[in-house]
Amino acid sequence: MLLRGKVVGSEIPRFKHRWFGILEVEADGEKYDLYMTGNAAQWFLTGDEVEVEILKEPKERDGKLVLDFDDYKLWKFYEGDRIPVWPLFEKEVEAKRYSPLTGELLYTYKIRAREAKYESDFEAIAELEQYHYASQKEKVALWRCENGHIFEANTKQRCPVCGAESHILEIKGSTPASRFLIFELVKKEEYEPRILSYVRVDPPIPLMHRRLPNGEIEKKVREKVFPEEWFHPAFWPERIMKELYEE
Ligand SMILES: [Zn+2]
């Protein structure tokens, strides 16, 4: 079933975590809660025109119609273009390994490349990331406990302040616009890791000029549109060197 609708305003923030967000869409007089990643949900504005293809019957939760991660497809309309938003990018590839001596096929890896979307994906990214740092002191991720304490660590652990369960909050050094592409083994042996590697994709945010009503062009206004944290240098060798030097 294909529905044309609009994103509606909500008291619930669209972005909850990188791996979880809720987009409220009104279509055909019904309100739907679309569960998706916060990474994807944060780009929507109230009033955005969308199209939803319902794949599975929505579940009713607290008087709302809920569509979970695998229950729908979503497109956004932008200046006449229909842009696929959900599901996130996913592609399966085969990596073949041949014997260097005989040229015979030794084994085949089936790899799924997809955008990170589950909490466990981001935990795996933190785990991979810690091996990239030359410094032992540098922690790679921020975590937040259920009572709101924020702390640094490489792996999931209980809050050092109150002992409560924690959830991964952010991969340090990434910006709110960063997306993560992971490579996972479709079929893996006991001793093989689920996620082999990842790539961080930082969408460039253009400098953004704007024309004022009087015809004047105001240059480089992106800092007025996005908060400062969106411009943390994605790769900042000077800072990394300085931190290493100070150890
Ligand atoms: Zn705590």
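Lys 220 is exposed, at 53% relative accessibility; exposed means over 50% relative accessible area, buried under 20% and partly exposed in between, with a 1.4 Å probe and protein chains only. Lys 220 sits in the loop between β18 (217–218) and α3 (222–225). Here helices (H or I, at least four residues) and strands (E, at least two) are DSSP runs, numbered from the N terminus.

This is a predicted model, where local features need pLDDT of at least 70, side-chain atom pairs count only at pLDDT 80 or more, and totals for chains, interfaces and linings use all residues. Residues are numbered from 1 along each chain as its sequence is written, and side-chain values use heavy atoms, leaving out hydrogens and water.

Most residues other than glycine have a negative phi, and most peptide bonds are trans.

The peptide bond from Trp 86 to Pro 87 is cis, with omega near 5°, and Pro 87 lies in the loop between β9 (81–86) and β10 (90–98).

Now for the zinc ion. Its protein donors are Cys 145 (SG), His 149 (ND1), Cys 159 (SG) and Cys 162 (SG), 2.1 to 2.3 Å away; donors are N, O and S atoms within 2.8 Å of the metal (3.2 Å for Na, K and Ca), and sites may look incomplete because water is not among the atoms. The 4 donor atoms subtend angles of 105 to 114°, so the arrangement is tetrahedral, a term for four donors with all angles between 85 and 135 degrees.

Methods: Four donors count as tetrahedral if all angles lie between 85 and 135 degrees; four count as square planar and six as octahedral if opposite donors are over 155 degrees apart and all others between 65 and 115; anything else is irregular.
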